[in-house]
Amino acid sequence: DAGITQSPRHKVTETGTPVTLRCHQTENHRYMYWYRQDPGHGLRLIHYSYGVKDTDKGEVSDGYSVSRSKTEDFLLTLESATSSQTSVYFCAISESGGQETQYFGPGTRLLVL
Amino acid sequence: QQQVKQSPQSLIVQKGGISIINCAYENTAFDYFPWYQQFPGKGPALLIAIRPDVSEKKEGRFTISFNKSAKQFSLHIMDSQPGDSATYFCAASISNFGNEKLTFGTGTRLTIIP
């Protein structure tokens with residue numbers, strides 16, 4: 001398995017609180033992605049990064065921000081969590097982006113009450 | 001708007017049978033079509049992928065069939081086994097100098113029964 005860890009693996013929080021999810025990789029891959037997975041929607045891209053401090057928006061970026069200060073870490077922040085952000089969040093990495101294989105982490109299950 | 005439509009939502013196949021999952025797309029600029037497999041509690045993993053310059057790609061029991069004119073592609077699992085029970089996602093992307101973004105279908109939950 002690709003060396004990808006996500007933390008926390010499970011989190012319950014209340015509406016309006018800030019939440020930060022962390023993705024850590026040991027593969028030194030350049031590209032990192034954050035997806036959310038919801039029934040009936042499949043996987044949807046939130047944000048991605050193509051290098052340290054280089055990020056771009058995905059399909060469903062509203063309400064989310066990201067940061068990448070080191071190659072190995074990619075943080076996803078929900079500034080003020082809402083119930084609609086209850087989901088399973090997956091981080092993925094790719095060596096050179098493009099249409100190379102994306103390797104997914106184990107996921108973080110987030111419940112916003 | 002869903003750019004990649006996947007069907008069926010769920011599928012039950014007997015052991016040894018053929019499982020078929022279909023995807024359709026609208027954007028003719030898509031030029032890369034992977035399939036991902038996801039087991040419960042795990043992240044998705046790449047299973048097989050195809051580009052539109054070929055009509056079929058086979059890897060073991062897994063085959064992608066691609067119909068460019070119909071804008072459809074499908075995954076065939078031959079001799080389906082209980083270990084194939086998982087959720088399958090089709091996806092598509094457009095070449096963009098490294099910044100390609102995958103658009104996923106909504107997923108198919110496959111159950112193989114003995």
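Where in chain B does B:P8 lie? B:P8 lies in the loop between β1 and β2 (10-14) of chain B. The model is predicted.

**The cis peptide bonds**

- In chain B, the peptide bond from B:S7 to B:P8 is cis. Its omega is near -5°.
- In chain A, a cis peptide bond joins A:S7 and A:P8. Here omega is about -10°.
- A:P8 is found in the loop between β1 and β2 (10-13) of chain A.

**The sheet of chain B**

- Strands of a sheet pair through backbone hydrogen bonds, either parallel or antiparallel.
- Chain B has an open sheet of 5 strands. The order is β1-β3-β8-β7-β6, and the pairing is antiparallel.
- Strand β3 (residues 19-25) of chain B runs antiparallel to strand β8 (residues 72-77) of chain B. The two are joined by 6 bridges. B:S19 has B:I77 in β8(B) as its bridge partner.
- β8(B) also pairs with β7(B), in the antiparallel sense, over 6 bridges. One bridge partner pair is B:F66 with B:F73 in β8(B).
- B:K57 stands opposite B:I64 in β7(B).

**Hairpin turns in chain B**

- β6(B) and β7(B) form a hairpin with 2 residues between the strands. B:G60 sits in the turn and has a positive phi of about 65°.
- β7(B) and β8(B) form a hairpin with 4 residues between the strands.
- Which residue in that hairpin takes a positive phi near 55°? The residue is B:K71. Its phi is a positive value in a residue other than glycine.
- B:K71 has its place in the loop between β7 and β8 of chain B.

**The sheet of chain A**

- In chain A, 4 strands form an open sheet. They follow the order β1-β3-β8-β7, with antiparallel pairing.
- β1 (4-7) and β7 (64-70) of chain A stand at the edges. Each has a single partner strand, so one side of each is left without a neighbour in the sheet.
- The twist of this sheet averages 20° from one strand to the next.
- β7(A) pairs with strand β8 (residues 73-78) of chain A over 5 bridges, in the antiparallel sense. In β8(A), A:L76 is the bridge partner of A:V66.

**Salt bridges**

- Over all chains, the count comes to 7 salt bridges.
- In one of them, the side chains of A:R22 and A:D73 meet at 3.1 Å, N to O.
- This pair links distant parts of the chain, 51 residues apart. A:R22 is in strand β3 (residues 19-25) of chain A, and A:D73 is in strand β8 of chain A.

- The size of an interface is often given as the accessible area lost when the parts come together.
- Between chain A and chain B, the buried area is about 1700 Å². Carbon and sulfur atoms give 50% of that area.
- Which three residues supply 35% of the area that chain A buries against chain B? They are A:L43, A:Q99 and A:F104, and they supply more than any other three residues.
- The contact takes 21 residues from chain A and 22 residues from chain B.
- How many salt bridges are found across the interface of chain A and chain B? The number is 0.
- Polar contacts do occur between the two chains: 7 residue pairs, with both residues at pLDDT 80 or more.
- β4 (31-38) and β5 (42-51) of chain A each supply at least two residues of the side that touches chain B. The largest share of that side, 5 residues, comes from β5(A).
- The residues on the side of chain A that touches chain B divide into 9 nonpolar, 10 polar and 2 charged.

Conventions:
Residues are numbered from 1 along each chain as its sequence is written. Chains are lettered from A and ligands numbered from 1 in the order in which they are written. This is a predicted model: local features need pLDDT of at least 70, side-chain atom pairs count only at pLDDT 80 or more; totals for chains, interfaces and linings use all residues. Side-chain values use heavy atoms; hydrogens and water are left out. Two strands pair if DSSP finds at least two bridges between them. Contact means heavy atoms within 4.5 Å. Buried area is the accessible area (1.4 Å probe) that two parts lose on being put together, summed over both. A salt bridge is a side-chain nitrogen of Lys or Arg within 4 Å of a carboxyl oxygen of Asp or Glu. A polar contact is a pair of N or O atoms within 3.5 Å; within protein, one must be able to donate a hydrogen and the other to accept it, and residues adjacent in sequence count only if both atoms are side-chain atoms. Ala, Val, Leu, Ile, Met, Phe, Trp, Tyr, Cys and Pro count as nonpolar, Asp, Glu, Lys and Arg as charged, and the others, Gly among them, as polar. Axes are lines fitted to C-alpha atoms, for helices over the stretch in contact, and angles run from 0 to 180 degrees between N-to-C directions.
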